[in-house]
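Please read them beside the coordinates.

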Amino acid sequence: MSDLQQLYQAVILDHAKRRCGNLPLTGAPEDGSVLFGSSHQVNPTCGDEITVEVLYDPAAGSLHMRWDGAGCSISMASASVLAEMAEELSPDAFAEVEAGFHELMHSRGRGHADEELLGDAAAFEGVSKFPARIKCALLAWMAFKDAFVQAQAAADNR
């Protein structure tokens with residue numbers, strides 16, 4: 001195993017243990033101060049599941065994600081990486097990261113992670129070689145995308 005593969009494995013194991021953003025789900029804020037979306041996703045292949053809540057403040061351009069789930073180290077680490085990244089990026093920058101992550105996951109092991117774009121999500125490069133595990137890595141990302149679309153729709157309805 002190369003040094004890079006060992007580093008990527010360590011990143012995944014670290015995030016699987018510390019689980020950034022794995023917080024109690026509380027629903028939409030009652031004061032309506034931010035836009036809210038929620039999505040529950042299940043990977044029928046292995047039984048991994050996650051519920052993601054997204055809080056979006058368009059005025060500040062900020063995202064916040066909290067989640068709760070159960071599953072393998074890959075799905076839980078991916079959710080943790082995603083939650084950490086969501087806190088650091090604007091919605092536009094996040095859309096670019098999300099597109100890059102999906103492209104990497106669907107590369108069937110032929111893609112190379114852009115570490116500058118993906119940050120810790122680059123650690124999932126090796127997962128793309130295993131079709132059964134791609135769904136695990138993408139589970140939280142799909143839930144986040146769905147919840148964020150809901151939050152954006154709430155903005156359109158204001």
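1. First, a term. Helices (H or I, at least four residues) and strands (E, at least two) are DSSP runs, numbered from the N terminus. The model is predicted. Over residues 8-136, the chain is 40% helix and 20% strand.

2. On annotation. An unreviewed UniProt entry gives residues 8-136 as "domain: NIF system FeS cluster assembly NifU N-terminal". That annotation may be inferred rather than shown by experiment.

3. Salt bridges, overall. The whole structure holds four of them. Side chains of opposite charge can pair when their charged atoms come close. The cut-off used is a side-chain nitrogen of Lys or Arg within 4 Å of a carboxyl oxygen of Asp or Glu.

4. Helix H1 (residues 3-18). Asp14 pairs with Arg18, with 2.8 Å between the closest N and O atoms. The two residues are four apart in helix H1, so about one helical turn separates them. Asp14 is partly exposed, at 36% relative accessible area. Arg18 is partly exposed too, at 40%.

5. Strands S2 and S3. Arg66 and Glu53 form a salt bridge, at 2.4 Å from N to O. Arg66 sits in strand S3 (residues 62-70) and Glu53 in strand S2 (residues 49-57), so the bridge ties together parts that are 13 residues apart in sequence. Are these two residues buried or exposed? Both Arg66 and Glu53 are buried.

6. Helices H3 and H5. Glu98 bridges to Lys145, where the closest N and O atoms are 3.7 Å apart. Glu98 belongs to helix H3 (residues 91-105) and Lys145 to helix H5 (residues 131-156), so this pair links parts that are 47 residues apart in sequence. Glu98 counts as buried because its relative accessibility is 10%, and buried means under 20%. Lys145 is partly exposed, at 44%.

7. Which residues do salt bridges with shared partners join? Asp14, Arg18 and Glu84 form one such network.

8. A patch of negative charge lies on the surface, made of Glu96, Asp114, Glu115 and Glu116. Patch members have over 30% relative accessible area and no salt bridge. Glu115 lies in helix H4 (residues 115-118). Its relative accessibility is 44%, so Glu115 counts as partly exposed.

Definitions and conventions: Residues are numbered from 1 along each chain as its sequence is written. This is a predicted model: local features need pLDDT of at least 70, side-chain atom pairs count only at pLDDT 80 or more; totals for chains, interfaces and linings use all residues. Side-chain values use heavy atoms; hydrogens and water are left out. Patches are made of residues with over 30% relative accessible area and no salt bridge: like charges are joined within 9 Å, nonpolar side chains (Val, Leu, Ile, Met, Phe, Trp, Tyr) within 5 Å. Accessible areas come from the Shrake-Rupley method with a 1.4 Å probe; for residues, only the protein chains shown count as cover. Lys and Arg count as positive and Asp and Glu as negative; His and the chain ends are not counted. The place of a charge is taken as NZ of Lys, CZ of Arg, CG of Asp or CD of Glu. Buried means under 20% relative accessible area, exposed over 50%, partly exposed in between (1.4 Å probe, protein chains only).
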